[in-house]
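Reader: Before I plan anything around this protein, I would like to hear how its overall description was reached, term by term.

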Amino acid sequence: MLSRLHWFLIVSVLATTVAASPIESEVEVAPGVPGTFAAPPGEGAAGSPVGNVVVLLHGWTGNRDDAGGLFKDLAARLADQGTASLRIDFRGEGERNGHRLTSTFATRIADAEAALAFARKRYPSAKLGVVGFSLGGAAALAVVGRQPDAVKSLVLWSTAGDIAVDFFTTEDMKPAVRQAMEKGEAPYQSWAPMTLTREHLTGFLGYDLFGPLSAYHGALLGIRGTDDFLPRYEDRILAAAGAAPEEAVVIGGADHIYNVLDPKTSRAERLLTLTARWFADTL
């Protein structure tokens with residue numbers, strides 16, 4: 001017969017290894033900007049409180065779940081520790097737009113700010129965090145530069161810094177970029193067949209992400225892999241921001257998407273654990 005202590009240990013192990021699924025609902029944070037709100041089990045229903053909400057901003061040409069479902073997995077991690085999340089699809093990008101890229105950095109900023117406003121309106125007492133992945137990280141930097149008091153904690157994954165240079169000057173993109181600038185649009189083969197537009201390309205020019213950061217005094221964590229194709233912007237970001245606490249973490253052997261598509265080399269577990277713990281400590 002098992003003793004009371006043995007039963008206690010078994011129940012404790014099960015409680016720590018089996019995470020309850022978040023309660024997900026489809027929302028529209030602004031016209032043309034759909035999202036998924038993920039609440040911890042037992043929270044988020046009408047009239048029930050939500051303590052913290054993290055807004056998730058996806059990368060270039062992505063969607064609300066992002067590469068390999070990293071954002072969907074993060075939403076589950078956050079819900080398991082009592083934190084809600086809101087992940088959105090940016091306008092003018094992704095499969096639902098036929099991979100015809102018409103977004104601009106201004107529309108990305110507007111969509112991100114709409115997501116924050118949606119979370120504040122729905123849960124006025126909630127503390128807000130943001131995760132920005134790649135180009136979503138650049139949007140997150142712009143948002144906290146514009147609204148430094150709106151976000152309590154910020155996490156950047158593989159963030160861009162000089163957005164036009166980071167995304168549109170690679171050798172394989174140059175012919176499509178030139179054609180789009182001359183003729184208005186051009187096909188481009190990436191992970192899916194895409195159409196670059198002049199509107200999209202010119203809409204990322206002329207932004208300073210670093211100057212406005214001095215007004216941001218919330219928490220800030222930057223995470224990047226050693227094999228990322230983008231430059232390491234974390235030192236420059238931390239120097240520009242007035243953040244506290246602040247930290248930069250480099251994950252060895254990780255590429256831009258943390259090898260999430262390769263089970264043998266994936267660094268997703270490390271990424272998700274770092275992020276969840278950061279919000280547990282700073283929200």
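Reader: What makes up the accessible surface of the protein?
Author: In this predicted model, the accessible surface comes to about 12800 Å², and carbon and sulfur atoms account for 56% of that area.

Reader: How many residues count as buried, and what makes a residue buried?
Author: A residue is called buried when its relative accessible area is under 20%, and 53% of the 283 residues of the protein fall into that class.

Reader: Why does the span of helix α9 agree with its number of residues?
Author: Helix α9 covers residues 268–282, and its 15 residues at 1.5 Å a residue should span 21 Å; because its end C-alpha atoms are 21 Å apart, the two values agree.

Reader: Which residues of α9 are buried, and what covers them?
Author: With under 20% relative accessible area as the cut-off, the buried residues of α9 are A268, L271, L272, T273, L274, T275, A276, W278, F279 and T282. Their cover includes the strands β3 (52–57), β6 (127–133), β7 (153–157), β10 (219–225) and β11 (246–251), together with helix α2 (70–80).

Terms used
Residues numbered from 1 in each chain as written. Predicted model: local features only at pLDDT ≥ 70, side-chain atom pairs only at ≥ 80, totals over all residues. Heavy atoms only, no water. Buried < 20%, exposed > 50% of the residue type's maximum accessible area, 1.4 Å probe, protein only. Areas by Shrake-Rupley, 256 points an atom, 1.4 Å probe, with all protein chains shown as cover. Helix = DSSP H or I, 4+ residues; strand = E, 2+ residues; numbered from the N terminus. Expected span 1.5 Å × (residues − 1). Contact = heavy atoms within 4.5 Å.
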